Amino acid sequence: FPTSTYVKMWADTQRELDTMLQREREEFLQPEENLQKVMKMLATAYVQYLEIFRKLEAAHAHLIHQQKRAAVRIVLDGVIGRLLEIKREMVALEKSECHHMDGILMKLKRVPEDIEIPIPEYFIKENLRTLQEREEYLNEILLNAGLLKQEAVTAMTFEEGIKVIQVAERARQGRARAAFMKRIYLEEKRQNKKQEEETGKNPDDAAIRIQKVWRGYSQRKRTEKLREEEMIFLGMVSRAGPPEQKMPHSGFLPPDVEAMCGLQKANVLQGEVQKREEISFRQELSTTEGSHIKETLQDQIIQCFLECRHITGRFPDYPPEKTGGSKAIFIEKHPEEVAEELAAKKEAEKQEKEKDEEDQEEPKVKKPEKAAGKQVVELGWKMGPSNFLSMLEEGSAQYQVFWEKRDNRSDFLQDHDPELIKGGEREEVEEEIRVQVDEVMQEKLLKIKKALDGEIGAQGKAKKGEKVRAAMMSLACRTIDSLFQELAEEGLLIKVKHVHLSDYIGYYDCMRNILRETGAQPLPSIPDVRQLVALYGILPLGSQIIHENAPLVKSLLLVGPAGVGKKMLVHAICTETGANLFNISASNLAGKYPGREGLLMMLHMILKVGKELQPSVVWIQDTEKMYSKGPSKRGEEMNFKRLARLVPQFLKVLKPTDRVLLVGTTRRPFDASVGPFCKAYQKIILIPKPDYLTRFGKYFNSSSWLFLLFKILHYILQSGGALTKLVNLNCLAHVSDGFTQGHIVDVVHTVLTELRLLQMDRKPLRTAEFVTPLARHDPVYREEEETFQ
């Protein structure tokens with residue numbers, strides 16, 4: 001079976017996970033006073049969970065069986081969440097985001113590259129079609145608004161044109177040769193037939209021909225019957241299935257062809273299960289849950305209209321069918337969620353009343369609890385509660401019960417879960433019922449408006465906050481598409497540049513650990529930055545389960561000198577997770593949504609679109625300007641400073657179910673007031689300038705100066721130019737010490753102009769040509785690095 005390798009990998013990884021869970025029960029649940037020992041235990045578990053994470057991700061990406069993929073997905077999410085919980089404990093112990101793990105890696109016989117965070121493929125693959133449609137829609141809006149230039153069609157080179165002509169001509173000759181051979185065959189056949197008619201037919205020849213035809217026919221029938229029985233035995237075709245569902249047996253095929261056959265088999269089985277169960281489950285849902293869904297929708301529509309009338313003084317207009325009807329009202333919350341929230345509020349109020357009564361009866365009796373708290377502190381460190389251990393244990397138990405002893409060699413039948421199918425059908429049933437409810441509720445709303453709103457006269461002048469509330473209520477009746485279009489046309493919703501986290505090049509420098517041993521705290525390396533961005537930005541945004549249960553990070557701040565790649569990392573987070581990117585920087589807000597009311601409405605629009613089309617990233621560039629110490633001179637700066645007071649409210653509204661991340665970037669954090677600036681961001685990542693290994697990287701066989709130089713040099717060689725020994729990359733790596741990636745990119749573009757590329761044959765490239773443009777830039781001095789640190 002083509003996926004047997006990944007099935008075996010899954011089995012081996014499950015055994016490793018069971019061992020890890022057993023170790024956690026023995027070590028982590030026991031109090032420990034030696035904090036160094038605790039740190040070693042956590043670092044070891046961190047590295048081992050990373051290895052399990054990498055193997056499970058590979059198995060999930062290559063397995064075809066949908067139910068197996070679902071089982072692997074549960075455990076994979078649990079492992080990622082547990083990894084984030086261990087990271088939180090390590091940061092709390094060391095009071096640092098970067099950790100010294102060389103000793104642990106040597107003990108486990110691992111290399112530094114083994115602690116790189118892999119990015120799961122399912123973050124993008126599961127929503128690939130939706131993301132592509134959304135990107136095309138955004139491009140269309142930006143083109144119509146004149147905010148995006150249409151890419152020019154590049155002209156074909158002479159060599160490419162020759163290849164296209166050669167391919168077309170060879171194809172034409174092949175078709176002509178096939179037609180010529182066909183004419184020869186038909187001519188020979190006509191001649192043989194004519195000779196038989198002239199000479200007469202032999203009875204023996206006729207009998208032989210009849211026998212040949214009959215034996216071929218009977219043998220084909222037997223072969224088809226055997227093949228059908230084999231496919232029924234393998235579970236690929238049901239006995240009552242139509243003939244188009246039959247698939248030929250693969251036999252002995254190459255591995256890649258066999259893998260494609262397995263993929264086709266899985267697709268056929270999925271379609272067969274879906275067609276067989278679709279009608280029965282939909283009918284069952286409509287009969288059993290239809291009345292409950294209808295009542296819930298009606299109650300929520302009535303509640304929404306009453307709240308709107310309480311705020312604005314009148315009932316709103318019913319949303320038309322073109323905008324989705326009452327679906328526009330339920331964008332932010334599901335009817336069941338509203339019912340659960342109301343029930344939870346009632347229970348919380350009852351509990352508060354009971355607590356108040358108990359407190360009045362027994363005012364102060366809490367001394368034993370404080371003493372017990374002291375005893376717990378004296379016992380030492382203990383691992384905090386986990387939201388993912390139960391998920392891992394459940395996934396491990398499911399594997400042991402259902403998958404461990406399953407014979408994978410004969411497992412061609414695609415099993416299905418009726419509840420999962422019901423979950424998919426429930427949305428369609430709700431949509432059908434929603435249309436019926438809209439017709440009834442629209443008539444009721446018209447009658448109520450005639451009865452009540454007709455008796456109410458004109459209201460007095462609007463108070464200070466009524467305009468804002470009216471604007472918010474008007475947004476509630478707007479569709480997500482209209483809000484999406486407005487934000488894109490205003491330039492707040494921008495197009496994401498397709499860059500991956502792995503494109504942020506940098507290497508491990510073991511010399512930093514020598515500084516750590518002396519007690520100093522060195523600057524983080526570029527691999528450390530990649531890990532932190534993946535842990536706090538990419539992994540939680542990519543999965544709903546992880547975001548809801550992992551340590552919640554609502555805001556992230558990227559700090560570093562100009563040109564170190566802060567903007568690139570923001571786009572990498574969006575690329576890896578398929579997130580929308582909202583830019584609310586000072587330069588982008590100039591002249592848009594002025595005043596506090598305008599900013600409130602803008603944040604409400606971003607929040608509504610970001611939640612509905614999650615995941616989303618809200619980016620504030622040069623965020624220190626919001627918290628600058630001096631008074632603002634212009635109105636635009638004052639409007640941007642108002643945003644600082646609204647950011648805490650924006651973050652407070654975000655819940656664990658909302659995959660929305662606030663990312664700020666700054667190159668001068670020391671210009672801001674430290675208190676409110678640091679309170680707005682939960683995690684602050686310091687991005688350093690590139691070190692020698694990153695600038696040169698010869699040891700790793702990928703000379704960098706900064707990767708872009710080699711791209712252009714490769715283009716030079718393709719164009720017929722020559723790269724001589726006059727370009728000394730080692731010298732450039734030493735000379736560029738203190739300069740950032742942005743400086744080096746600018747120097748490369750300055751030197752290698754189109755005119756200089758044309759002169760490459762008679763005037764080879766020299767090292768000195770890069771030194772003069774580099775000297776025009778100001779490097780990052782040591783005093784500035786110390787200020788950042």
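Trainee: Which way do H2 and H3 cross, left-handed or right-handed?
Mentor: H2 makes a left-handed crossing with H3. Keep in mind that this is a predicted model.
Trainee: What sort of residues make up the contact of H2 with H3?
Mentor: There are 22 nonpolar, 7 charged and 1 polar.
Trainee: And what's the packing angle of those two helices?
Mentor: About 155° between helix H2 (residues 35–62) and helix H3 (residues 66–94). Their axes are 9 Å apart. Angles over 145 degrees count as roughly antiparallel, so that is what H2 and H3 are to each other.
Trainee: New topic, the sheet. How many strands form it, and in what order?
Mentor: It has 6 strands, ordered E1-E3-E4-E5-E2-E6. The sheet is open and its pairing is mixed.
Trainee: Which strands sit at the edges?
Mentor: Strand E1 (493–494) and strand E6 (683–686), each pairing on one side only.
Trainee: How does E2 join E6, parallel or antiparallel?
Mentor: Parallel, through 4 bridges, with E2 covering residues 555–559. In that pair, valine 559 is opposite leucine 686 of E6.
Trainee: Which strands does helix H21 lie across?
Mentor: Helix H21 (residues 595–612) lies across E3 (580–583), E4 (616–621) and E5 (660–666). Its angle to E3 is about 170°.
Trainee: Why are aspartate 12 and arginine 15 about one helical turn apart?
Mentor: Because they are 3 residues apart in helix H1 (residues 4–27).

Technical notes. Residues numbered from 1 in each chain as written. Predicted model: local features only at pLDDT ≥ 70, side-chain atom pairs only at ≥ 80, totals over all residues. Heavy atoms only, no water. Pairing = 2+ DSSP bridges. Contact = heavy atoms within 4.5 Å. Axes fitted to C-alpha atoms, helices over the stretch in contact; angles between N-to-C directions. Parallel < 35°, antiparallel > 145°, perpendicular 65-115°, else oblique. Left-handed = near helix turned anticlockwise from the far one by under 90°. Nonpolar A, V, L, I, M, F, W, Y, C, P; charged D, E, K, R; others polar.
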